[in-house]
Amino acid sequence: MGDATMVWGQWAADVPRLLVMTAVLFLPGSLGARLAGMRGPLAVAVGPLLAACTAAIGAVACGALGLRWDARTFAASLLIAIGACALCGRATRTDRPAPSSGADRWSAPLVGALALGWAAIAFPFMAQAAPDTPIQGHDTVFHMNALWRILVDGNASGFGGLTRMFGLDTTSTVFPAGWHALVAPFASRTTIVPVVNSFSALVPLIWLTGLAALAAAILPGTPALPALTVALAPLVAEFPTYMLTKYPAWPNALGMALVPALAALGLTGQRAVRLLPAGSPGRRRSLAIWAGALVVQVLGICLIHPLAGLSLGLLGAGPAVVAMSRRWGRLARSGRSLRLWGEAVGALGAAAAVAVLAVAVPFLHERLARMLSAFQTVPNVDWYNPFKALSLWSIVDFEASDRVWQGLLVAAVSVSVLTVAGAVEALRTRAGRLLVTAWAVASALTLTSLMRSGPLLGLAGIWYLSTHRTMAVQAVAQLPLMALGALAITSAAARVLSPSSARHRGQSRRPRRSLPAGAGASARNVPLTMGLVPALLIPLAGGLATAPQRADLTWRMYSTDSPFSTIALTDQTMALARRASELIPEDALVLGDPFNGSAYVQVLGDREAVFPQLYFRESNTDLEYLRQHFNEISTNPRVCSILRSDGIGYAWIDSDPWHEGADQSAVSPGLYDVDLRDGFEVLGRAETVSLVRITACG
């Protein structure tokens with residue numbers, strides 16, 4: 001990929017694109033959030049959430065109306081969303097309670113933690129991934145080629161818009177396309193790679209702003225918590241870095257990066273509604289608007305990736321059960337049995353409706369049934385699994401350097417100690433116990449995924465039994481816990497070292513009495529404020545510990561020198577793929593085995609690949625026949641008949657069938673052992689690959 005100077009030089013030239021993408025992702029949505037009455041970190045965190053959900057829903061609407069999805073329709077959708085926010089804000093402007101504490105305001109430590117936290121997460125990635133270097137992975141080649149398809153067809157709807165990605169002749173396909181709808185307006189057919197790399201560099205910023213808003217919403221009585229939560233985030237390499245590189249589930253990564261902002265929106269809105277007089281018109285009006293906005297955002301985030309919505313539900317399930325149990329206990333003790341039974345029946349009815357929906361809708365039923373049962377496997381009951389779950393342990397290749405392992409161990413121990421300390425502190429109050437409950441449920445799912453056994457095995461199957469996906473959910477609740485633990489440890493150390501210093505630093509009990517009820521577990525025991533220096537030093541230290549691992553993860557997926565199995569292109573074959581636009585006409589179709597790199601002709605060479613991803617759908621009978629029999633072109637008339645019918649006139653032929661650690665000629669025998677001496681015109685060669693025009697069919 002060239003030396004570091006060249007890579008950073010490319011990123012310097014890419015700064016205008018980064019700034020434009022940041023502005024579009026944050027500013028319109030943040031304006032809408034402010035018009036709706038939000039302030040502080042929440043208004044900024046809601047910016048990307050609103051932009052992403054608007055793109056996801058807007059693309060579906062444009063697909064249904066026959067409108068082309070591009071930058072213009074995206075801008076129009078954002079204007080509509082901002083207008084809706086303004087109307088909501090106008091309807092509730094007299095009903096808004098005053099802010100309860102400094103946790104919902106900006107501060108220098110929070111701004112500093114956000115800046116250095118983003119740099120600590122993004123810079124190791126950027127140092128290994130030049131803007132114009134494509135990541136080489138199974139899912140990523142699909143997503144990049146899907147962007148190309150959207151730019152050609154103008155359809156980014158998840159309901160049929162990406163059907164061509166699954167074959168030339170197949171049934172309409174439902175696929176979550178919210179990520180693609182958000183990213184596509186920034187790209188052209190020849191700039192997809194730098195756009196997706198720039199977007200991956202910005203996902204950590206979305207994640208961190210959401211964490212700041214969530215920490216402020218969970219424990220509003222502790223203004224230090226948002227900055228410290230953000231500052232500690234670089235200690236966790238598992239998310240978002242792992243899901244952007246080694247396990248590149250980009251839509252899932254974006255969805256999870258947005259979950260903290262959505263959770264903060266829900267908690268803040270609920271708290272605001274509860275502060276209004278019971279039964280008042282303002283409370284009913286605010287409740288209806290808040291609930292409606294939440295439903296729309298949940299719908300949008302599910303269109304980005306359904307697991308994001310399910311993850312939000314998983315995090316809220318435990319606290320919801322605890323809160324409802326408390327409420328029903330109070331109703332029973334006060335003799336309000338009619339209200340109790342009404343709410344219980346309503347809750348059971350809602351659960352039954354969800355269950356009926358999951359069973360009655362064929363698509364949902366089929367997917368859930370498959371995922372609930374598809375990941376039954378051999379149990380893995382290693383004794384260290386609980387430590388891995390607690391420490392958010394990230395998988396590292398055994399050949400990784402000592403620096404990677406040492407940094408990982410330092411981060412894992414730090415995460416574990418801070419989490420335990422935070423859980424102990426949080427258990428002291430109601431809000432803290434709800435946070436611990438959410439974290440415990442997510443941790444149980446991670447432990448199940450690690451052990452490949454247990455009562456939650458079927459549920460973990462919905463998350464593909466992937467610890468990378470479940471740890472992303474766990475991190476949403478664990479990072480605020482870690483911050484609370486750090487504050488508790490700091491407070492304890494201060495008391496031990498200087499018992500009288502608390503009064504001089506403004507940490508006496510008197511200010512604590514003015515905090516709102518339920519302000520947080522740390523309200524009486526930990527510092528209320530955080531200085532700028534620790535806000536800068538903590539993410540720097542965490543970033544230094546995990547930087548070798550982040551760089552290693554990125555190198556393995558981006559470098560053509562990487563030994564990782566999904567690396568299909570060398571520098572030479574990548575150059576040939578880029579030259580496709582010079583060697584073959586614009587309307588060409590290129591046949592080839594995607595496992596040997598042919599699929600990159602589409603995203604790198606701006607020419608359509610017959611197989612644009614590494615999944616073969618058997619319903620494409622003609623394409624399946626070519627996979628099995630293309631090398632019989634000189635003797636089998638049906639091969640030429642299919643080629644003429646589908647308009648396939650070019651091919652990417654590799655004489656080496658060994659890819660992905662296996663002999664791919666056993667999977668697609670017709671695409672290997674092709675005699676190029678007769679019936680083909682070689683247009684370009686690179687190592688064992690030939691880009692050819694098919695002349696055998698006339």
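R677 is exposed in this predicted model, with a relative accessible area of 75%. Its side chain forms a salt bridge with D675, the closest N and O atoms being 2.9 Å apart. D675 is partly exposed, at a relative accessible area of 40%. Side chains of opposite charge can pair when their charged atoms come close.

A search of the whole structure finds 14 salt bridges. One of these joins R556 to D552, with 2.8 Å from N to O. R556 and D552 are 4 residues apart in helix α23 (residues 532-558), so about one helical turn separates them. An α-helix has 3.6 residues a turn, so residues three or four places apart point the same way. R556 is buried, with a relative accessible area of 3%, and D552 also counts as buried, at 13%.

E425 and R428 form another salt bridge, with 3.9 Å between the closest N and O atoms. The cut-off for a salt bridge is 4 Å, and this pair is counted as one. Here E425 is buried, at 5% relative accessibility, whereas R428 is exposed, with a relative accessible area of 51%. The label for R428 follows from the cut-off, because exposed means over 50% relative accessible area. Elsewhere, salt bridges link R149, D153, R164 and E608 in a network.

The next topic is the nonpolar interior. In soluble globular proteins, nonpolar side chains tend to be buried together. The largest nonpolar core in this model has 192 residues, and W207 and F630 are those with the most contacts inside it. Helix α8 (residues 192-218) gives the most to this core, contributing 19 residues. A second, separate core has 6 residues, among them W393, V396, A400 and V404.

F630 leads on to helix α28. Leaving aside neighbours within four places in sequence, the residues in contact with F630 include V639, L643, L591, Y625, F680 and I694. V639 and L643 lie in helix α28 (residues 637-646), where they are buried along with C640 and I642. These four cover an arc of only 160° around the axis, and therefore lie on the same side of α28. What covers the buried residues of α28 includes α27 (621-629) and β7 (689-694). On the face of α28 turned away from the buried side are the exposed residues P637, R644 and S645.

Both ends of α28 have a local feature to inspect. At the start of the helix, a side-chain oxygen of N636 comes to within 3.1 Å of the backbone nitrogen of R638. After the helix comes G647, which has a positive phi, near 75°.

Not counting residues up to four places away in sequence, T573 touches W652, A686, E687 and V689.

Technical notes:
Residues numbered from 1 in each chain as written. Predicted model: local features only at pLDDT ≥ 70, side-chain atom pairs only at ≥ 80, totals over all residues. Heavy atoms only, no water. Buried < 20%, exposed > 50% of the residue type's maximum accessible area, 1.4 Å probe, protein only. Helix = DSSP H or I, 4+ residues; strand = E, 2+ residues; numbered from the N terminus. Arc of directions from axis to C-beta. Contact = heavy atoms within 4.5 Å. Polar contact = N/O pair within 3.5 Å; in protein donor to acceptor, adjacent residues only side chain to side chain. Core = buried A, V, L, I, M, F, W, Y, C linked by side-chain atoms within 4.5 Å.
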